[in-house]
Amino acid sequence: MKIYCMSDIHGCIAEFEYALSLIDGQMNSPGTRLVLLGDYVHGPDSYAVLDQIISLQNKWGCDKVIALMGNHEDMVCDGRWRIEQDDKDSEAKEDEYIAWMQNLPRYYTEGNTIFVHAGIDDLLEPYDDYDPDYDIVTVTCTSFGMENFAMQYADRMEVLAPPELRGKIRDKAKAMAERYRD
């Protein structure tokens, strides 16, 4: 089984389509899944990204293409933000997308792995079926993106490869520790 994950697309349709092109030939394989971890909106072309996700779910099924709720979708659903801030003439169009977003789950589990957008809030939903043992997860993204992700979640994750990236993260962590030394 292969599970591909993507997160924080933020309306970047060209980049999303490029990432999808890297896995397109794999989606026919049994057990292969694409888990989209939220934050599809608030970027250059949010509607195109949403259309692409809905199209993928229609093509492969919601059990193969799992789209999770991110905090940006949550803010659209509760009326704090619009899908595209500058699009004042799309209220009717926006309602259709909001109806779809309101049904997005906040997490997805597969075996011992839980997929979420930005963390687990035990007050929102119980995670009784989650085993706290760790898993090795393969993430495909730019080196810069992975470096920043690793620094953000350094207390909960470790980058195993490539060695050059581990070295960059180690050097950054050392510099940070030096800066915050008493």
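**Exercise 1.** Determine which residues of helix α1 (residues 13-23) are buried, and on which side of the helix they lie.

*Solution.* Step 1. The buried residues of α1 are I13, F16, L20 and I23; buried means under 20% relative accessible area, exposed over 50%, and partly exposed in between (1.4 Å probe, protein chains only). Helices (H or I, at least four residues) and strands (E, at least two) are DSSP runs, numbered from the N terminus.

Step 2. These four residues lie on the same side of α1, because they cover an arc of only 80° around the axis, the arc being that of the directions from the helix axis to the C-beta atoms.

Step 3. The face turned away from this buried side carries the exposed residues A14, E15, Y18 and L22.

Step 4. The packing partners of the buried residues are β1 (3-6), β2 (33-36) and α2 (46-60), where contact means heavy atoms within 4.5 Å.

**Basis of the values.** The model is predicted: local features need pLDDT of at least 70, side-chain atom pairs count only at pLDDT 80 or more, and totals for chains, interfaces and linings use all residues. Residues are numbered from 1 along each chain as its sequence is written, and side-chain values use heavy atoms, with hydrogens and water left out.

**Exercise 2.** Describe the salt bridge between D74 and R106.

*Solution.* Step 1. A salt bridge is a side-chain nitrogen of Lys or Arg within 4 Å of a carboxyl oxygen of Asp or Glu; the closest N and O atoms of D74 and R106 are 3.1 Å apart.

Step 2. D74 lies in helix α3 (residues 71-77) and R106 in the loop between α4 and β4 (107-110), so the pair ties together parts that are 32 residues apart in sequence.

Step 3. D74 is partly exposed at 23% relative accessibility, and R106 is partly exposed at 30%.
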